[in-house]
Amino acid sequence: MIKAERVKILVTKTGESIICDVQEAVNKETGAREAFVMQLPYRIDVEIPEGVPDQLVGNEQVSVRYYPWNPLTIDTSIAVAADYIVTIMEPSPSVRDTYLDNMKKLVGDVE
């Protein structure tokens, strides 16, 4: 089940932005983070209108597109090494809500 409060944007070492329901996998003995488990990960691509300088993007409408992060697998829960993720951020409400709406249509199990 996808939970709205766990939906985050992850930036990977390769520069990809991924939106998903994410949880930490920790070593039970040491408590050390070993991996992140991504539920229904989707790559986010942002299209910036032509001629808009990067510093003005916040003032313009941008187009956001979602693609399966790894379309070669049927797995919907994927663990990645903790050091593969550079940062984790809160998505804007509109990006989060669009993702949740799309996942509800796809799997129906969204909370």
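Predicted model: local features only at pLDDT ≥ 70, side-chain atom pairs only at ≥ 80, totals over all residues.
Student: What share of the contacts with a separation of 6 or more comes from residues 24 or more positions apart?

Tutor: Here a contact means heavy atoms within 4.5 Å. Among the contacts in the protein with a separation of 6 or more, the share from residues 24 or more positions apart is 58%.

Student: And how much of the protein is buried?

Tutor: A residue counts as buried when its relative accessible area is under 20%. The protein has 111 residues, and the buried share of them is 29%.

Student: What part of the accessible surface belongs to carbon and sulfur atoms?

Tutor: Let's take the total to begin with: the accessible surface of the protein comes to about 7300 Å². Of this surface, the part belonging to carbon and sulfur atoms is 49%.

Student: Which residues form a nonpolar patch on the surface?

Tutor: Val62 is a handy way in, as a residue of the loop between strand S3 (33–47) and strand S4 (63–68). A patch residue needs over 30% relative accessible area, and Val62 has 32%, so it counts as partly exposed. Together the patch members have about 270 Å² of accessible area, and they are Val46, Ile48, Val62 and Val64.

Student: Now the charges. Is Glu47, which forms a salt bridge with Arg65, buried or partly exposed?

Tutor: In this salt bridge, the closest N and O atoms are 2.8 Å apart. Because Glu47 lies in strand S3 and Arg65 in strand S4, the pair ties together parts that are 18 residues apart in sequence. Arg65 has a relative accessible area of 40%. Glu47 is also at 40% relative accessibility, so its class is partly exposed.

Student: Which residue forms a salt bridge with Glu24?

Tutor: Glu24 is partly exposed, with a relative accessible area of 47%. The closest N and O atoms of the pair are 2.6 Å apart, and the partner is Arg33.

Student: One more: how far apart are the closest N and O atoms of Asp97 and Arg96?

Tutor: Both residues are partly exposed, Asp97 at 35% and Arg96 at 24%. A salt bridge requires the nitrogen within 4 Å of the carboxyl oxygen, and for this pair the distance is 3.2 Å.

Notes
Residues numbered from 1 in each chain as written. Heavy atoms only, no water. Buried < 20%, exposed > 50% of the residue type's maximum accessible area, 1.4 Å probe, protein only. Areas by Shrake-Rupley, 256 points an atom, 1.4 Å probe, with all protein chains shown as cover. Patch = residues over 30% accessible without salt bridge, like charges linked within 9 Å, V, L, I, M, F, W, Y side chains within 5 Å. Salt bridge = Lys/Arg side-chain N within 4 Å of Asp/Glu carboxyl O. Helix = DSSP H or I, 4+ residues; strand = E, 2+ residues; numbered from the N terminus.
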